[in-house]
Amino acid sequence: MGGAGMTFGTLIYFFILLTGLLISVVCLQYGTVAVMGALIIVPVFMLAFLIVMRYHTTVEVECKNPLAEKDSMEKPARATIALSVENNGKFLPISKGIAWVCYENFFSGEKGNMKVRFSVDTGKRRGRRIPVVIHHCGNVSIQVKKVRIYDYLNLFATTIGKNYEIQDVLVMPPLKEIYLGKDRWYNETNEDSDRFSLYKKGDDPSEIFDIRDFKDGDRIQQIHWKLSSKAGHYMVKDGSLPLAKAIYIFLDLCAGDAQMADLLVQGIYSVSMELMAQGVPQHYIWYDNINEIIQEKLIEHEEELFWMFEDLFKCRTTKDPGELIRAYIEWEEGRPKESGLYLTVVDHPGSDLDGLGIGELIVLDLRED
């Protein structure tokens, strides 16, 4: 907490005070002297009231909803945090308070500042939702930099809190329908999968999920004869459940402007949700141009997707369409992949992508409907 400081109202009051002093000297009468005395005493009371209010006021800042989704690509989203001010005093209400708020969308470059006014009655808690209008997708960091309260004449102000914890809100686009070609990407049988569930049993005899005692209904083919002879009773083995192979998806962060970047994010979001609905895991690859490394994320659940977007939004879009390709070739060290998707919003000649070493690479232009 900071001490009480002067405001613009203080300067005006000093001017009034000097004027009153001049009048009382020129017209030395009881009335003018009384007025002058009041002008001197009132600021003392205002300062005392403010000090009392400061020690009876607490402020909390939290994020009620860490995710905001745009209704359409043309309309902005509202990233909202909550400011809660409690006045524990028994006699003095807070008639004027101001919170200074700053925000930044690192991915799109949007940033700004705003002021939020509030008042709180005696012995009450006042909640105030602070909406921040964001036009483009990204991770918006919102921070209440300072909260001040004022006396009843706006002569003095005191800071009751500053540099509150940063609240992050993920701004996402609306989903759009994307056709990916089911026969090409959806591995329904999982016959050639090398990934197996750790939690559910299946019918794949090549991998053993569990060994247990024989029960009615078990097939003879499930009996583990060697263990059964050692145990003295029948033991059976449960097969494993194969999981779908993960699709390799390259994210090209080249975008001409913020609108193109929004289309890119919308496409990534829509592709991932479509594949997730079919139970297909995705292995995302992109170039982190801030830390200058290739990032990889395996996504199988919706919460993992939003965690990935938090990492993705820490990067910057680029004007260089070959940035990902060059970085990946240097990092990959000749490890080929059978197939993959390449998500982009810029044109790429086929020869540029050959160096990725992908047997079958499908380029998905997210600018197309």
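Q: Which residues does Thr80 touch, not counting residues up to four places away in sequence?
A: A contact is a pair of residues with heavy atoms within 4.5 Å of each other. Leaving out residues up to four places away in sequence, Thr80 touches Cys63, Lys64, Asn65, Arg129, Ile130, Pro131 and Val169. Please keep in mind that this is a predicted model, in which local features need pLDDT of at least 70, side-chain atom pairs count only at pLDDT 80 or more, and totals for chains, interfaces and linings use all residues. Residues are numbered from 1 along each chain as its sequence is written, and side-chain values use heavy atoms, with hydrogens and water left out.

Q: Where does Thr80 lie, and is Thr80 buried or exposed?
A: Helices (H or I, at least four residues) and strands (E, at least two) are DSSP runs, numbered from the N terminus, and in that numbering Thr80 belongs to strand E4, residues 77-87. A residue is called buried under 20% relative accessible area, exposed over 50%, and partly exposed in between, using a 1.4 Å probe and protein chains only. Thr80 has a relative accessible area of 15%, so it is buried.

Q: How does one read such labels for the chain, and how many helices and strands does its secondary structure come to?
A: The chain has 8 helices and 18 strands, and 45% of its 369 residues count as buried. Contacts can be sorted by sequence separation too: among those with a separation of 6 or more, 70% join residues 24 or more positions apart.

Q: In which order do the 5 strands of the open sheet stand?
A: Two strands pair if DSSP finds at least two bridges between them. Here the order is E16-E15-E14-E17-E18, in an open sheet with mixed pairing. At the edges are strand E16 (293-299) and strand E18 (358-365), each of which pairs on one side only. From one strand to the next, the twist averages 25°, where axes are lines fitted to C-alpha atoms, for helices over the stretch in contact, and angles run from 0 to 180 degrees between N-to-C directions.

Q: How many bridges join strand E17 to E18?
A: Strand E17 (residues 337-344) runs parallel to E18, and 7 bridges join the two. Lys337 has Ile358 of E18 as its bridge partner, and Thr344 is partnered by Asp365 of E18. E17 also pairs with E14 in the parallel sense, over 3 bridges, and there Leu251 stands opposite Leu343 of E17. Of the 8 residues in E17, 6 are buried, leaving the strand mostly covered.

Q: Which strands does helix H6 lie across?
A: Helix H6 (residues 302-312) lies across E14, E15 and E16, and runs at about 165° to E16. Within helix H5 (residues 258-277) one finds Leu263, which counts as partly exposed because its relative accessibility is 21%. Beyond its neighbours within four places in sequence, Leu263 is in contact with Met73, Val345, Leu366 and Arg367. Leu263 and Asp365 are 102 residues apart in sequence, while their C-alpha atoms are 10.0 Å apart in space.

Q: In the largest nonpolar core, which residues touch the most other members?
A: A nonpolar core is a set of buried Ala, Val, Leu, Ile, Met, Phe, Trp, Tyr and Cys residues joined through side-chain atoms within 4.5 Å. The largest one has 36 residues, of which Ile249, Leu251, Ile268, Met308, Phe309 and Leu343 touch the most other members. Two or more residues come from each of strand E10 (167-172), E14, H5, E15, H6 and E17, and H5 gives the largest share, 9 residues. Apart from this core lies another, of 33 residues, including Ala68, Tyr103, Val120 and Phe156.

Q: How many aromatic pairs does a search of the whole structure find?
A: Rings of Phe, Tyr and Trp (its six-membered ring) pair if their centres lie within 6.5 Å; planes under 30 degrees apart count as stacked, over 60 as edge-to-face and the rest as tilted. The search finds 9 aromatic pairs. Phe250 and Tyr328 have ring centres 4.9 Å apart and planes at 90°, so this pair is edge-to-face. Because Phe250 lies in strand E14 and Tyr328 in helix H7 (residues 323-332), the pair ties together parts that are 78 residues apart in sequence. Phe250 is buried, at 0% relative accessibility, and Tyr328 is buried at 0% too. One aromatic cluster is formed by Phe107, Tyr269, Phe306, Phe309 and Phe313.
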